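Me: I'm new to this one. Can you walk me through it in short answers?
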Number of protein chains: 2
Amino acid sequence: MEKKLRTKDKILQASVELFNQVGERQVTTNHIAAHLGISPGNLYYHFRNKEDIVRQIFKEYAKLLETRIKPPTDKAEALDALASYLDAVFELMWRFHFFYANLPDILSRDPALQQDYQHVQQGVLARVTAVLKALKQSEIIQIEDEDITDLAHSIKLLVTFWISYLKTQAPDKDIDQASVYQGVLKVLLLFKPYATAQAQPRISRLQQHYAALAGDATLV
Amino acid sequence: MEKKLRTKDKILQASVELFNQVGERQVTTNHIAAHLGISPGNLYYHFRNKEDIVRQIFKEYAKLLETRIKPPTDKAEALDALASYLDAVFELMWRFHFFYANLPDILSRDPALQQDYQHVQQGVLARVTAVLKALKQSEIIQIEDEDITDLAHSIKLLVTFWISYLKTQAPDKDIDQASVYQGVLKVLLLFKPYATAQAQPRISRLQQHYAALAGDATLV
DNA sequence: GTCTATACCGTGATAGAC
DNA sequence: GTCTATCACGGTATAGAC
């Protein structure tokens, strides 16, 4: 199956790889072509320019986001919805972490991508809000309605810039799965002060689950 | 007084101006020189390269940070210490917002700056932690000791990337003072769930204070 | 200290042969 | 579809005159 990738797909796949490894900004179309052993001209046959490549990668990302993060269906288990949400966040953050490492820069160079991004983000905000409301309804957290949107934004900001934060704190250390899980853990900690007494143990268990995956790495 | 600026200082001052206006990445040494009506060669007489300029600007920033954010002296008024801290954060965020708009990118291009930054950040973390402990001691917030460091990191992350977050949400809107104050307000909201019942009204007042400064702008 | 002129290089992108 | 040229451009940086 892998052998049957068309050049176009190989370019996309190699791009994600290189972007994640050394950062989107540092990777040029020449690098991508060289990495694949094809000519720059060939790359330009398949894509108009580098932005075009990034945009298509984002499309793939957005598609995954949509399929993986479903709105909570039944009110039965809000905490399960949260967990599945966190898993999805982790997966996407890891798979496309180059994107998270320099988001403002990437967006500022491509108005079209900006549009797409903002559209996706509106959906994300709605879903986060929905999860929060479900958690409140299930009496897992106790929060005033007017604070929900703010908390949702805080969560979104934390998720969006967790990788960037890591890079500012320890630029030499490569991003690995454990460090991404640390971000998931931090999100959980934003909830903690809102947790009801009865939900405390369940949240603690979730916390331990992700703590195990995050390893014992400590921030500098 | 202004007229007596030496060329070197004029370059620094113009650089900050341009960086804030259009972003550090887009501004070249040529732009800076042209903006001042001097030759590129002249600029290179005063600075080795652009990184050198950015580094010196950071030094100025770090100096201000140190003089403006003093560790809380007496335990008498922890909440005052917090307020003065928030004011200082605002001032620096506003004055050097180009720096906050693309931190990972700027740092990744200059290992020397990275070093300086990390050193400064260690001090910041210590001070935030000290303020949090003082707030706990004054019974303004209620928090477990083991959570303090995590909260400090969350606050630091929020402050560091607030401008970046704004830019991802609404890239076309220019950063103004009100939008920076919205970030200050968000920091305050991170505290809210930890506030003791007795401190609630005082925190609310602080909140209103910054809300007024932040205007009624709403996030997209 | 300041200028002009210039060399150098990487990047993005295209034309035209195969 | 793919390759081999090849270019224009902009940014960095330096040399040498004033």
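Me: At what angle do α9 and α10 of chain B cross?
Reply: This is a predicted model. In it, the axes of helix α9 (residues 145–169) of chain B and helix α10 (residues 177–191) of chain B cross at roughly 155°. The two axes come within 10 Å.

Me: Are α9(B) and α10(B) roughly parallel or antiparallel, and why?
Reply: Roughly antiparallel. An angle over 145 degrees counts as roughly antiparallel, and the crossing of these two axes is roughly 155°.

Me: And is the crossing of α9(B) and α10(B) left-handed or right-handed?
Reply: The crossing of α9(B) and α10(B) is right-handed.

Me: Which residues meet there, α9(B) against α10(B)?
Reply: From α9(B), the residues are B:Leu151, B:Ser154, B:Ile155, B:Leu158, B:Val159, B:Trp162, B:Ile163 and B:Leu166. They meet B:Ser179, B:Val180, B:Gln182, B:Gly183, B:Lys186, B:Val187, B:Leu190 and B:Phe191 in α10(B). By class, this contact has eleven nonpolar, four polar and one charged residues.

Me: Other pair in chain B. How far apart are the axes of α4(B) and α8(B)?
Reply: The axes are 11 Å apart. Helix α4(B) covers residues 50–68, and it packs against α8(B) at an angle of about 15°. That makes α4(B) roughly parallel to α8(B). Their crossing is left-handed.

Me: Which residues of α4(B) and α8(B) meet?
Reply: On the α4(B) side: B:Val54, B:Arg55, B:Phe58, B:Lys59, B:Ala62, B:Leu65 and B:Glu66. On the α8(B) side: B:Ala112, B:Leu113, B:Asp116, B:Tyr117, B:Val120, B:Val124 and B:Arg127. The contact of α4(B) with α8(B) has nine nonpolar, no polar and five charged residues.

Me: What about chain A, at what angle do α4(A) and α8(A) pack?
Reply: About 15°, with the axes 11 Å apart. So α4(A) is roughly parallel to α8(A). The crossing of α4(A) and α8(A) is left-handed.

Me: Which residues meet between α4(A) and α8(A)?
Reply: A:Val54, A:Arg55, A:Phe58, A:Lys59, A:Ala62, A:Leu65 and A:Glu66 come from α4(A). Their partners in α8(A) are A:Ala112, A:Leu113, A:Asp116, A:Tyr117, A:Val120, A:Val124 and A:Arg127. By class, that contact has nine nonpolar, no polar and five charged residues.

Me: Zoom out. How many helices and strands are in chain A?
Reply: Chain A has eleven helices and zero strands. Its C-alpha trace spans about 60 × 35 × 35 Å along its principal axes.

Me: How many of its residues count as buried?
Reply: Chain A has 220 residues, and 51% of them count as buried.

Me: What share of the contacts in chain A joins residues 24 or more positions apart?
Reply: Among contacts with a separation of 6 or more, 71% are between residues 24 or more positions apart.

Me: Which residues of chain A does UniProt list for "domain: HTH tetR-type"?
Reply: The UniProt record, an unreviewed entry, lists residues 5–65 of chain A. In the model that span is 77% helix and 0% strand. Its end C-alpha atoms lie 23 Å apart.

Me: And where does UniProt put the "DNA-binding region" in chain A?
Reply: The unreviewed UniProt entry gives residues 28–47 of chain A. That stretch is 75% helix and 0% strand, with its end C-alpha atoms 13 Å apart.

Me: Back to chain B. Is B:Phe98 buried or exposed?
Reply: Buried, because its relative accessibility is 3% and buried means under 20%. B:Phe98 is found in helix α6 (residues 97–101) of chain B.

Me: What does B:Phe98 touch, leaving out residues up to four places away in sequence?
Reply: B:Phe98 touches B:Val16, B:Phe19, B:Asn20, B:Glu24, B:Ile57 and B:Ile106.

Me: Last topic. What is phi of A:Glu139 near?
Reply: Near 60°, a positive value in a residue other than glycine. A:Glu139 is found in the loop between α8 (111–137) and α9 (145–169) of chain A. A:Glu139 is partly exposed, with a relative accessible area of 48%.

Me: And where is B:Glu139 found?
Reply: B:Glu139 is in the loop between α8 (111–137) and α9 of chain B. Its phi is near 60°, again a positive value in a residue other than glycine.

Terms used: Residues are numbered from 1 along each chain as its sequence is written. Chains are lettered from A and ligands numbered from 1 in the order in which they are written. This is a predicted model: local features need pLDDT of at least 70, side-chain atom pairs count only at pLDDT 80 or more; totals for chains, interfaces and linings use all residues. Side-chain values use heavy atoms; hydrogens and water are left out. Axes are lines fitted to C-alpha atoms, for helices over the stretch in contact, and angles run from 0 to 180 degrees between N-to-C directions. Helices (H or I, at least four residues) and strands (E, at least two) are DSSP runs, numbered from the N terminus. Angles under 35 degrees count as roughly parallel, over 145 as roughly antiparallel, 65 to 115 as roughly perpendicular and the rest as oblique. A crossing is left-handed if the near helix is turned anticlockwise from the far one by less than a right angle, and right-handed if clockwise. Contact means heavy atoms within 4.5 Å. Ala, Val, Leu, Ile, Met, Phe, Trp, Tyr, Cys and Pro count as nonpolar, Asp, Glu, Lys and Arg as charged, and the others, Gly among them, as polar. UniProt positions are given in the numbering used here, feature names are shortened, and annotations may be inferred rather than shown by experiment. Buried means under 20% relative accessible area, exposed over 50%, partly exposed in between (1.4 Å probe, protein chains only).
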